[in-house]
Every structure is written in structure tokens, then in C-alpha cells.
Amino acid sequence: MGYTAIVDYGVGNLKSVTNAMHYLGLATRITSDPGELERADAIILPGVGAFPDAADKLCAAGLDKLVAAQGEKKPILGICLGMQLLFDRGEEVRECKGLSLVGGCVRKIETNFKLPHIGWNSLSFPNSSPLFDGVEEGSYVYFVHSFCGVASDPATVIAQTDYGVPVTAAVQKGNVYGCQFHPEKSGEVGLQILRNFGGLNK
């Protein structure tokens, strides 16, 4: 039976993502084992905390190059900090290399609104993506972040939100997807997004 591998590299809310996937009847394995990641039908890269800490831990576990290589072969979904790691680099605390699966960088949100941005915000879709099949424009999802991805190619931005300024909410490049928000904490809308991701490898 196929499964989605949830990358365990010491940074991430693994349980809530796993629970949401299981609720949808989607098989998962929490793992840092390279073989299990290679055999998986799809990969979820979660993450909470600061960009350089997460990048260092991913690299120390020997998983940075592996995850990047798997993006050529199968669907990958980065969630929150996991999405930020998909970019070329981050500017949080210190400049740090990302996985370079999506062109661009991660910067502090330049807004007059209070940071971190915590709460429910609506989505708009500048470019279509199967990740949002069945999700209506204006649907609300749950965010917790102070930094956001700034894509070098606008075509890779598949969802935006507004927090005093436009903020990248989701990206896609080929098999690689990222959500700045937490689909596993976003009710029925989030479950539909995870359901869509689970169907990408069918």
C-alpha cells in the first residue's frame, strides 16, 4: 500500500498533520529514513520555528539533498516553515540557503499590521493549481508566521492573502507545492487541500 512520508527532522508539528491525513483515510509514515522517503508516493515537509535552525537540522540529518531530489519524481508539500524552506534562501536571523525548489527568498512581512500574523485570512488564486480544486475564492485558512516567501516568478504563486500587503500563501513549481498556512488546522477547507494533495500521485 502506498503512503505519504512526513519528514521528521526535529522541527515540525507532526501529530496534527498525521491526524488530518488519517482522518482522510490517507496512509502516512513519520520518518527520517532515506529509504522510506524514496519509496513514498508523496512527501510532506512540515516545520515550525526559525528558518536557519530548520535548514541546519534538515542538512544535519542528510535530508536536504534527498528531499530536493525527490521533488523531481513525486509530489512534495511544504507546510508553514516547510514551505519557506522550498525557496532559494531565507533572511530570518541570518541569510541561509534553502532547498531551491522554488525560486525566490523568504523575508519578513513588510506590513504595518502586528507580527506575527496569527489567525484566519482569506485566499485569492492568481494562478490555478490542482491543490485548490473544490476550494472557493475567499475561503479562510489559518496562518501563524512573520516571514513569507517572495517568489522570483509570479507564475509559481498559486494563492495569496492580504495582511496589509499581499502575502504569498501558497506556491507550486512542478511537483513541488507549499502552503504558508496550516491546512491541518484550517477546518474543511484545509482537509480539502490535503485531500487534493493526497490525490496528486494517483
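Keep in mind that the model is predicted.

Let's start with a sheet. Four strands make it up, in the order β6-β5-β7-β10. The sheet is open, and its pairing is mixed. Which strands stand at the edges? They are β6, residues 96-97, and β10, residues 147-151. Each has a single partner strand, so one side of each is left without a neighbour in the sheet. As a reminder, strands in a sheet pair through backbone hydrogen bonds, parallel or antiparallel. Here, β5 and β6 run antiparallel, joined by two bridges. β5 covers residues 87-90. Look at Arg 89: its bridge partner in β6 is Lys 97.

Stay with Arg 89, because at 28% relative accessibility it counts as partly exposed. Its side chain meets that of Glu 91 in a salt bridge, 3.5 Å from N to O. Glu 91 is partly exposed too, with a relative accessible area of 32%. The linking goes further. Arg 89, Glu 91, Glu 95 and Arg 107 are joined in a network of salt bridges.

How many salt bridges does the structure hold? Five. One of them pairs Arg 94 with Asp 56, at 2.8 Å from N to O. That pair links distant parts of the chain. Arg 94 is in the loop between β5 and β6, while Asp 56 is in helix α3, 38 residues apart. Arg 94 is partly exposed at 40%, and Asp 56 is partly exposed at 37%.

Another salt bridge joins Arg 29 and Glu 36, at 3.5 Å from N to O. Arg 29 has a second contact to show. Its charged end sits over the ring of Tyr 3, 4.0 Å from the ring centre. At 35% relative accessibility, Arg 29 counts as partly exposed.

Now the inside. The largest nonpolar core has 31 residues. Which of them touch the most other members? Val 7, Tyr 9 and Leu 63. Several elements each supply at least two residues, among them β1, β3 and α4. Helix α3 gives the largest share, four residues. Val 7 touches residues including Leu 14, Ile 43, Leu 58 and Val 67. There is also a second, separate core of 29 residues, which includes Ala 20, Ile 79, Leu 131 and Val 135.

Ala 20 takes us to helix α1, residues 14-23. Its buried residues are Leu 14, Ser 16, Val 17, Thr 18, Ala 20 and Met 21. What covers them? The cover includes β1, β2, β3, β4 and α6. After α1 comes Gly 25, with a positive phi near 80°.

Last, the aromatic rings. The count comes to five aromatic pairs. In one, Phe 143 and Phe 181 have ring centres 5.7 Å apart and planes at 70°. Planes over 60 degrees apart count as edge-to-face, so this pair is edge-to-face. Phe 143 lies in strand β9, and Phe 181 in the loop between β13 and α6, so the pair ties together parts 38 residues apart in sequence. Buried or exposed? Phe 143 is buried, at 0% relative accessibility. Phe 181 is buried, also at 0%.

Tyr 177 and Phe 197 form another edge-to-face pair, 6.4 Å centre to centre with 80° between the planes. Tyr 177 is in strand β13 and Phe 197 in helix α6, 20 residues apart. Both Tyr 177 and Phe 197 are buried.

Definitions and conventions: Residues numbered from 1 in each chain as written. Heavy atoms only, no water. Pairing = 2+ DSSP bridges. Phe/Tyr/Trp six-rings, centres within 6.5 Å; stacked < 30°, edge-to-face > 60°. Buried < 20%, exposed > 50% of the residue type's maximum accessible area, 1.4 Å probe, protein only. Lys NZ or Arg CZ within 6 Å of the ring centre and 35° of its normal. Contact = heavy atoms within 4.5 Å. Core = buried A, V, L, I, M, F, W, Y, C linked by side-chain atoms within 4.5 Å. Salt bridge = Lys/Arg side-chain N within 4 Å of Asp/Glu carboxyl O. Lists of a residue's contacts leave out its neighbours within four places in sequence.
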